[in-house]
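Q: Please go through the structure below and say what lies behind each label.

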Amino acid sequence: MSHQEIKETGAREKDKQVSQQRTEEFRRAAVEKFHSRGSRSVQEVARVLGVSSWSLYQWTKRYGNDDGMKKNRRPGDRSVQEKLKAVIEFEGLEGDKQGEYLRRQGLHSDHIAGWKKSMEAGLESGGGDNQATRAERARDKRKIKELEKELQRKDRALAETTALLVLKKKADLIWGSGENE
């Protein structure tokens with residue numbers, strides 16, 4: 001066992017001892033903070049909490065799937081229904097209450113604004129994903145594939161023509177053009 005491995009094993013043992021001293025409430029709160037970390041790294045959250053990232057992962061395995069925990073805490077992971085609910089609840093609140101709501105939900109005002117805008121756009125465009133629009137999309141995809149194939153074919157032909165032109169110019173430089181004779 002190398003010195004580094006001994007050091008890592010010792011650090012894990014120390015983490016286990018410290019981990020056993022943490023209350024279950026602290027662990028659940030740490031997992032909640034881990035889920036709502038946003039763009040911060042796991043190491044950064046662990047450092048702020050004063051625990052190892054290994055402990056955070058272990059606690060997440062144990063407490064992360066409880067009914068009390070919200071699994072999809074990142075804004076992008078929320079379902080359409082959750083986004084709609086958040087927009088409605090947010091819009092129903094006044095000034096200071098809105099900020100409190102955002103902090104509690106782990107959101108930013110940009111998330112709500114973006115979701116609201118996309119919902120409005122969906123409503124304006126008819127809102128549904130009916131059979132006609134799906135068929136139209138499928139036709140569009142086929143047409144795009146055909147056009148891409150044709151473009152590739154033309155690109156290859158252009159590359160070949162360019163290569164022939166370059167070769168002709170080189171041949172003319174070496175042997176001279178046949179027009180002078």
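Q: Which residues is V42 in contact with, leaving aside its neighbours within four places in sequence?
A: V42 is in contact with F34, R37, S53, L56 and Y57, where contact means heavy atoms within 4.5 Å. This is a predicted model, in which local features need pLDDT of at least 70, side-chain atom pairs count only at pLDDT 80 or more, and totals for chains, interfaces and linings use all residues. Residues are numbered from 1 along each chain as its sequence is written, and side-chain values use heavy atoms, without hydrogens and water.

Q: What makes up the largest nonpolar core?
A: Eleven residues do: A30, V31, F34, V42, V45, A46, L49, V51, L56, W59 and Y63. A nonpolar core is a set of buried Ala, Val, Leu, Ile, Met, Phe, Trp, Tyr and Cys residues joined through side-chain atoms within 4.5 Å; buried means under 20% relative accessible area, exposed over 50%, partly exposed in between (1.4 Å probe, protein chains only).

Q: Which helix gives the largest share of this core?
A: Helix α3 does, with four residues. Helices α2 (24–35), α3 (42–49) and α4 each supply at least two; helices are DSSP runs of H or I, at least four residues, numbered from the N terminus.

Q: Why are the buried residues of α4 said to line one face?
A: S55, L56, W59, T60 and Y63 are buried in α4 (residues 53–63). Seen down the axis, the buried residues fall within an arc of 135 degrees, so they line one face of the helix. The arc is taken from the directions from the helix axis to the C-beta atoms.

Q: Why does L173 count as exposed?
A: L173, in helix α8 (residues 131–175), has 75% relative accessibility and therefore counts as exposed.
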